[in-house]
Amino acid sequence: MIASSLLLAPPPPFLRNPNPNPSSPIPPKPHRLPSPPSSQSPSSTAPLLPKSLLLSLISDQDRGIKTQSNPSKRAEIIQAIEDLAVLGAGTITTGPSLSATWRMLWTTEKEQLFIIKNAGLFGTSAGDVLQVIDVGNGVLNNVITFPPDGVFFVRSSIDPAPPQRVNFKFTSAVLRGSNWEIPLPPFGQGWFESVYMDDEIRVAKDIRGDYLVVDRAPYGWKE
């Protein structure tokens, strides 16, 4: 769709030299271990490394197009996703914070990648690819934009199944230009699980075994 800080006890005080002779050498000060870093919440610290690794791995993959011809890179990315999913295990990702306009960063979904890769054949290019989710109203729109005015989107109804699964059913699809619109019939249903989600990104796996990495878009998409 974690470890806490270990506090180190201070070392015992150094015992004074019982020899009252003032000529006796002054004993060295005891070595004290550096103080450990202050304790922070797991959500703000622990996921940083695997999350940063994942974002680095997908940063040059053209949303997944380049990954299709690079099995070793795909394996690296999926392993990073699985590592991040371990950190997200048990968290609830189907609540109100799931409602957002999510922008695709990377995916293995062949149909979306085909459209992105071949949009030029239709005299255009693909812009942002979005998942627009409204948990309260039970609505999901999958959107591919074709700037400046084109868009293809599929409407779905959703039924969250906490802690991480969302069931969906396609209800209609629309291909729209600046002054025209072609309705298409609904097709299919399934589920996805948001295995990791924070204030910036979400990582999901679906019924077909595809993976999706999205971030929170800086804008809200509306029909």
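## A tour from surface to cavity

Leucine 175 is partly exposed, with a relative accessible area of 31%. Select this residue to start. The model on screen is predicted. Leucine 175 sits in strand 5, residues 165–176.

Next, select threonine 94. Look for this residue in the loop between helix 3 (71–88) and strand 1 (100–107). Is threonine 94 buried or exposed? Its relative accessibility is 5%, so threonine 94 counts as buried, the cut-off being under 20%. Show its neighbours too. Leaving aside residues up to four places away in sequence, threonine 94 touches Val135, Pro160, Pro162, Pro163, Gln164, Arg165 and Val166.

Move on to helix 4, residues 110–118. Which residues of this helix are buried? They are Gln112, Leu113, Ile116 and Asn118. Then display strand 1 and strand 2 (129–134), which are among the elements covering those buried residues.

Last stop: the largest cavity. Its volume is about 40 Å³. To outline the space, select Trp102, Met104, Gln112, Val129, Leu130, Gln131, Asn142, Leu212 and Val214, which line the cavity.

Colour the lining by strand. Strand 1, strand 2 and strand 9 (211–216) each supply at least two of the lining residues. Which strand gives the most? Strand 2 does, with 3 residues.

Key: Residues numbered from 1 in each chain as written. Predicted model: local features only at pLDDT ≥ 70, side-chain atom pairs only at ≥ 80, totals over all residues. Heavy atoms only, no water. Helix = DSSP H or I, 4+ residues; strand = E, 2+ residues; numbered from the N terminus. Buried < 20%, exposed > 50% of the residue type's maximum accessible area, 1.4 Å probe, protein only. Contact = heavy atoms within 4.5 Å. 1 Å grid on protein atoms, 1.4 Å probe; cavity = no way out; pocket = protein on both sides within 12 Å on 5 of 7 lines; lining within 4 Å. Points joined across faces, edges and corners; volume = space filled by probe spheres on them.
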